[in-house]
Amino acid sequence: MEESETQDWSNGKTTSLYLMRHGECEGGDILRGQTDVALSQLGKEQMQRALAGLNIEFEQVICSPLRRCSEFALSLYLEKGIPLKMEDGLKEIDFGDWDGETLETLFQQSSSVLDMYWKNPWAFTPPNGETMQEFEARVNQGWERIISQYSGQTLLLVTHGGVIRHLMSKALGATGVAGFYTQLALDYACVVKITVYSSAQGELFTKLHWGANTN
């Protein structure tokens with residue numbers, strides 16, 4: 001969305017959203033999706049280091065209800081008293097019959113269809129899985145709820161790689177581009193900042209920040 005000269009941005013609100021991917025998980029090299037696994041000890045440490053590096057006072061934590069996100073978010077609530085809300089819109093995509101399978105097994109049994117999916121997930125859906133269109137609509141609805149309810153605040157969103165990639169592509173105006181997701185490298189416990197400016201008239205302008213310092 002381009003910033004309009006006719007909008008009164010000076011009297012609007014700025015919402016700062018820090019999107020943190022969960023850390024390393026238990027369960028090995030599997031396609032997790034909505035398979036509900038816990039963080040490994042290393043994963044917990046990765047997220048703690050990432051949070052310490054931000055050095056930001058968050059007014060609200062919003063997380064995916066899946067354990068690899070929610071358990072860390074709950075620890076912030078218990079240790080720091082930061083208000084916590086779970087948001088279904090921040091859950092990872094459901095890979096259907098593939099969910100929870102090891103990548104080795106999937107490549108052995110379904111290498112051709114798996115390759116089709118990675119190349120263009122908008123054109124192919126895993127058996128009994130969530131379509132990309134359904135996934136993106138769900139994430140968008142959750143995002144809109146968050147922006148509406150917490151406008152003007154500084155938020156920490158604890159979520160998943162697929163969710164963050166979609167929100168990054170949305171901020172860049174590059175949704176639905178085949179191959180785009182696989183070109184966005186997101187390490188465990190990485191943090192991406194998205195700022196949403198709202199004008200006095202309610203118009204929204206979104207900015208994506210990246211680099212060593214997201215402050």
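Here are a few questions and answers about the predicted model above.

The model is predicted, so local features need pLDDT of at least 70 and side-chain atom pairs count only at pLDDT 80 or more, while totals for chains, interfaces and linings use all residues. Residues are numbered from 1 along each chain as its sequence is written, and side-chain values use heavy atoms, with hydrogens and water left out.

Reader: How many disulfides does the count come to?
Author: A disulfide is a covalent bond between the sulfur atoms of two cysteines. Here the rule is a pair of cysteine sulfur atoms within 2.5 Å. The closest cysteine sulfur to that of Cys 25 is 7.8 Å away, in Cys 69, and for Cys 63 the closest is 6.9 Å away, also in Cys 69, so both are too far for a bond. The count comes to zero.

Reader: Is Cys 63 buried or exposed?
Author: Buried means under 20% relative accessible area, exposed over 50%, and partly exposed in between (1.4 Å probe, protein chains only). Cys 63 has a relative accessible area of 0%, so Cys 63 is buried.

Reader: Where is Asn 55 found?
Author: Asn 55 isn't a glycine, yet has a positive phi of about 55 degrees. Asn 55 is also exposed, at 71% relative accessible area. Its place is the loop between α1 (41-54) and β2 (60-63).

Reader: What volume does the largest pocket have?
Author: On a 1 Å grid over the protein atoms alone, a pocket is an open set of points where a 1.4 Å probe fits, with protein on both sides within 12 Å along at least five of seven lines; lining residues have an atom within 4 Å of a point. There are 27 of them, with Leu 31, Glu 92, Phe 95, Trp 118 and Arg 165 nearest the centre. Points are joined across faces, edges and corners, and volume is the space filled by probe spheres set on them. That gives about 640 Å³.

Notes:
Helices (H or I, at least four residues) and strands (E, at least two) are DSSP runs, numbered from the N terminus.
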